[in-house]
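My notes follow in the order I made them.

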Amino acid sequence: MADRYLSFTATAPGRFLASRLGLPQPAALSRWTAERPHLDGHLLHLTAGGPSGLDLAPVLARTGLSTTTETTGAGPGTGTGTEAAGATAGTTRPAAVVLDATGVRDVDALAEVHAALHPVLRSVAASGRIVVLGAPLDARDHHQAAVQQALEGFVRSLGKEIGRGRTVNLVRLTDASAAESTLRFLLSPKSAYVSGQVIGVGAEAPDGPADPVRPLVGRTALVTGAARGIGAAVAETLARDGAHVVVLDVPQAAEDAHRVAARLGGSALTLDITAADAGERIAAGLPDGLDILIHNAGVTRDRRLVNMPAERWSSVLDVNLASVLRTTDALLAKGALRTGGRIVATASIAGLAGNAGQTNYGASKAGVAGLVRSLAPRALAEHGVTVNAVAPGFIETRMTAAVPLFIREAGRRMNSLAQGGLPVDVAETTAWLSHPASGAVNGQVVRVCGQSLLGA
Ligand code: NAD
């Protein structure tokens, strides 16, 4: 169901009324299109806490944005302004700001975060991006750990106040090139509904160069529950990026699964993912193996625990968690996932924040996060495969269209962007995690929730 309030507040009378009544004023988000693959404007590169040693310039140069560098971190006018790749870079509104705060080690240096961003915030364009770079917490230096942890509270607070469709995220890293795919994603229109996130990036060397336009060419991706909704959008986005997509869904959804597969030039596999032999049947259906495994199939059977029969509990746990564990184990044990492979599972903010009426669903989705965090280091070490999760918030699908009006409106507005996300927002996040150059992103649970106020 369309978000009529969003359309209404995009009109002059709607804006006036919302402002007079103090109602939320969601900004129309700019999302990726083939015609508009980059943000409109330049990138401002600031530093706080002194030079960090990260070799960011070549990485930022490949974001598609022209970069202006302010080396002192004290904001325009006092910086040295070393580079302005675009002729008008210094005069137009920045579409993105990258603040390298990896060198911040004490409270005095933390003040440079304020000094760097305070003067530029008003000028950041609508639907712009702020990415703060932090360092891993130093277990031997509690001053460094305190101020690096402080960056999380800073980023999450700024995300809640910045408005106009702008997003704020924190990336913890030690190596700029290992974080390139992450920075490209966060500094693009593809991350429109990802805000308030803290993403840890390891130091693994990125895989070989991938086709920048179709990075998944030659890769096979299996998406469960892809006959409709978020899964269909994920399949479409991975196919756009060049993957051969296998659309898996239950036999009852065979017609839709075949239709999606035909549209994307992929293939369909109809089976119930809860079948004990689902992993074996997937492996048999893909004798050459696969590169990308997306666990998206999921169900809800809501009822408060006091009224919940055991069957409602077990059916949700079986689809959302047990089958994810079973098929992952079976496919890894068979060596069906090729080296450089990617597993992306689907959690939910209900699993992070909890939700009345969803003890079964919340348990299953929290379980997915636990699976990811435990398996990720071993899967990488033993199979060369990364394991991450997306945790969607309120996404506009048939599932959420069926939610009663009042609860639906609350779900839509209770996030920093004051609107629901679209299936493509989850799909773009999944595509970033599936990217050949995302090998250093492992064990992460990334919320695609517009910085939902629930469980933030
Ligand atoms: P949806 O109900 O529209 O689609 C789910 C798909 O999974 C369907 O095609 C269904 O047939 C398939 N499926 C269900 N059980 C299956 C099984 N046993 N074997 C194979 N396929 C099966 O749901 P959606 O809204 O697109 O959600 C997709 C995922 O995102 C789910 O895991 C859901 O829990 C999660 N999620 C959604 C939202 C949201 O706002 N829509 C929020 C958080 C998380």
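The model I am reading is a predicted one. I noted β7 as residues 220-224 and mostly covered, with 5 of its 5 residues buried.

Next I looked up the partners of β7. Strand β8 runs parallel to β7, and 5 bridges join the two. Within this pairing I found Ala 221 opposite Val 245 of β8. I then followed the chain from β7 through α7 to β8 and recorded a right-handed β-α-β crossover. I also found β7 paired with strand β10, residues 290-295, in the parallel sense over 3 bridges. There, Val 223 has Ile 294 of β10 as its bridge partner.

I turned to the ligand. Which residues come nearest to it? Of the 28 residues around the ligand, I listed Arg 228, Asp 249, Asp 272, Asn 296 and Tyr 361 as the nearest. I sorted the shell residues into 14 nonpolar, 10 polar and 4 charged.

A backbone N or O atom of Asn 296 is 2.7 Å from a ligand oxygen atom. In the side chain of Tyr 361, an N or O atom lies 2.5 Å from an oxygen atom of the ligand. For Thr 397, I noted 3.2 Å between a side-chain N or O atom and a nitrogen atom of the ligand.

Last, I noted the cover: the ligand on its own has 830 Å² of accessible area, and the protein covers 93% of this. I listed α7 (229-240), β8 (244-249), α12 (359-383) and α13 (398-401) as the elements that give two or more residues to the shell.

Notes
Residues numbered from 1 in each chain as written. Predicted model: local features only at pLDDT ≥ 70, side-chain atom pairs only at ≥ 80, totals over all residues. Heavy atoms only, no water. Near = heavy atom within 4 Å. Polar contact = N/O pair within 3.5 Å; in protein donor to acceptor, adjacent residues only side chain to side chain. Areas by Shrake-Rupley, 256 points an atom, 1.4 Å probe, with all protein chains shown as cover. Helix = DSSP H or I, 4+ residues; strand = E, 2+ residues; numbered from the N terminus. Nonpolar A, V, L, I, M, F, W, Y, C, P; charged D, E, K, R; others polar. Buried < 20%, exposed > 50% of the residue type's maximum accessible area, 1.4 Å probe, protein only. Pairing = 2+ DSSP bridges. Right-handed = clockwise from strand over helix to strand, strands pointing away.
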